[in-house]
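Hello,

Here is the structure I said I would pass on. Please open it first, then read my notes below.

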Amino acid sequence: MTSDDLTARRANSFGANARAYAEHRPDYPTAAIRWALAPLGPGAHRVLDLAAGTGKLTGGLVAEGHHVTAVEPDESMLSELVRRHGGVRALPGAAERVPLPDSAVDAVVVGQAFHWFDPVRAMAEIARVLRPGGVLAGLWNHVDTRVGWVAEFDEVCRSSVRPMGAPGAADDTMPAHELFEDAEVREFPHRQRRTAETLVETIGTHSHTLVIPREEWARLRRRILDFLRSRPETAEGGFDLPIVTRGKRATRRA
């Protein structure tokens with residue numbers, strides 16, 4: 001299997017597990033969402049949640065009072081989003097083919113998905129649907145490996161298709177583009193309440209565990225669970241998983 005084949009398999013692996021993804025993936029901190037849209041000023045704005053998945057970011061945008069359009073290419077993920085956020089305008093589409101007219105939105109936000117895009121085509125489409133002066137923002141959740149037990153946990157979670165490097169280390173890349181300016185980056189502390197068992201389920205929604213052989217996943221699952229049950233921080237009951245949410249935003253040139 002080529003690298004491109006593996007990337008395609010990983011990109012298309014989520015739909016069959018949409019319910020678990022919605023249940024077990026973390027959301028995004030309100031502070032990060034507010035920062036992402038702060039250049040627009042106060043009030044409700046027209047926001048495109050691009051590659052919206054099951055709506056992990058959509059829910060936070062709606063809670064802030066924005067008028068959200070969610071666009072997602074996977075039918076099962078989009079159906080789960082509609083099930084959970086039925087009042088949101090939800091459309092099938094991709095970053096490279098956004099089903100909106102020119103200058104249709106004040107902001108485009110992307111949660112945990114830029115690495116799946118064709119950067120050249122996607123940035124051109126995002127610029128097309130975003131009004132001049134509008135905001136493009138990407139948000140990424142990563143476990144906080146500055147915490148000792150979390151760094152060890154991250155090592156335990158490696159699989160044959162994620163053998164080295166921090167999870168998503170190359171994922172949080174929002175490419176530069178001539179139509180965007182004033183790029184800024186900020187990090188936000190975040191947490192997800194988990195038990196040993198539910199944290200294993202979270203890892204089971206990651207693309208690398210969805211594409212490995214089921215026998216390998218069974219071994220990896222047992223290794224993760226054994227580790228979590230061996231640590232005083234995670235052995236019994238609920239605990240907070242430390243997360244860092246990284247944000248990057250830029251403004252559409254006038």
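Predicted model: local features only at pLDDT ≥ 70, side-chain atom pairs only at ≥ 80, totals over all residues.

Histidine 67 belongs to strand S2, which covers residues 67–72.

Histidine 67 has a relative accessible area of 52%. The cut-off for exposed is over 50%, so histidine 67 counts as exposed. Leaving out residues up to four places away in sequence, histidine 67 touches Ala44, His45, Arg46 and Val47. Proline 39 is 28 residues from histidine 67 in sequence. In space the two are 17 Å apart, C-alpha to C-alpha.

Now the chain as a whole. The protein chain has 10 helices and seven strands. Its C-alpha trace spans about 55 × 40 × 35 Å along the principal axes. How does the radius of gyration of the protein chain fit a compact globule of 254 residues? Such a globule would have a value near 18 Å, and the protein chain has 18 Å, so the two agree. Of the 254 residues, 52% are buried. The protein chain exposes about 11,800 Å². Carbon and sulfur atoms supply 50% of that area. Take the contacts between residues at least 6 apart in sequence: 77% of them join residues at least 24 apart.

Next, a helix pair. Helix H8 runs over residues 196–203, and helix H10 over residues 214–230. They pack at an angle of about 145 degrees. Their axes are 10 Å apart. The crossing of H8 past H10 is right-handed. On the H8 side, the contact is made by Ala196, Glu197, Leu199, Val200, Glu201 and Ile203. On the H10 side, Trp217, Arg221, Ile224, Leu225, Leu228 and Arg229 take part. Which kinds of residue make up this contact? Eight are nonpolar, four are charged and none is polar.

Glycine 238 sits in the loop between H10 and strand S7, residues 239–252. Leaving aside neighbours within four places in sequence, glycine 238 is in contact with Arg193, Arg194 and Thr195. Threonine 198 is 40 residues from glycine 238 in sequence. Their C-alpha atoms are 9.4 Å apart in space.

Two residues deserve a look for their backbone angles. Most residues other than glycine have a negative phi. Serine 103 is not a glycine, yet has a positive phi of about 55 degrees. Glutamine 112 is not a glycine either, and has a positive phi of about 60 degrees.

Where do these two lie? Serine 103 is in the loop between strand S3 (89–92) and strand S4 (105–111). Glutamine 112 is in the loop between S4 and helix H6 (119–129). Serine 103 is partly exposed, at a relative accessible area of 35%. Glutamine 112 has a relative accessibility of 18%. That is under the 20% cut-off, so glutamine 112 counts as buried.

Proline 42 is also in a loop, the one between helix H3 (30–37) and strand S1 (46–50). With a relative accessible area of 83%, proline 42 is exposed. Proline 42 and glutamine 112 are 70 residues apart in sequence. In space they are 25 Å apart, C-alpha to C-alpha.

Last, glycine 59. This residue is in helix H4, residues 58–63. Glycine 59 and tyrosine 28 are 31 residues apart in sequence. In space, C-alpha to C-alpha, they are 9.1 Å apart.

Best wishes

Methods: Residues numbered from 1 in each chain as written. Heavy atoms only, no water. Axes fitted to C-alpha atoms, helices over the stretch in contact; angles between N-to-C directions. Helix = DSSP H or I, 4+ residues; strand = E, 2+ residues; numbered from the N terminus. Left-handed = near helix turned anticlockwise from the far one by under 90°. Contact = heavy atoms within 4.5 Å. Nonpolar A, V, L, I, M, F, W, Y, C, P; charged D, E, K, R; others polar. Rg over C-alpha atoms; globule rule 2.2 N^0.38 Å. Buried < 20%, exposed > 50% of the residue type's maximum accessible area, 1.4 Å probe, protein only. Areas by Shrake-Rupley, 256 points an atom, 1.4 Å probe, with all protein chains shown as cover.
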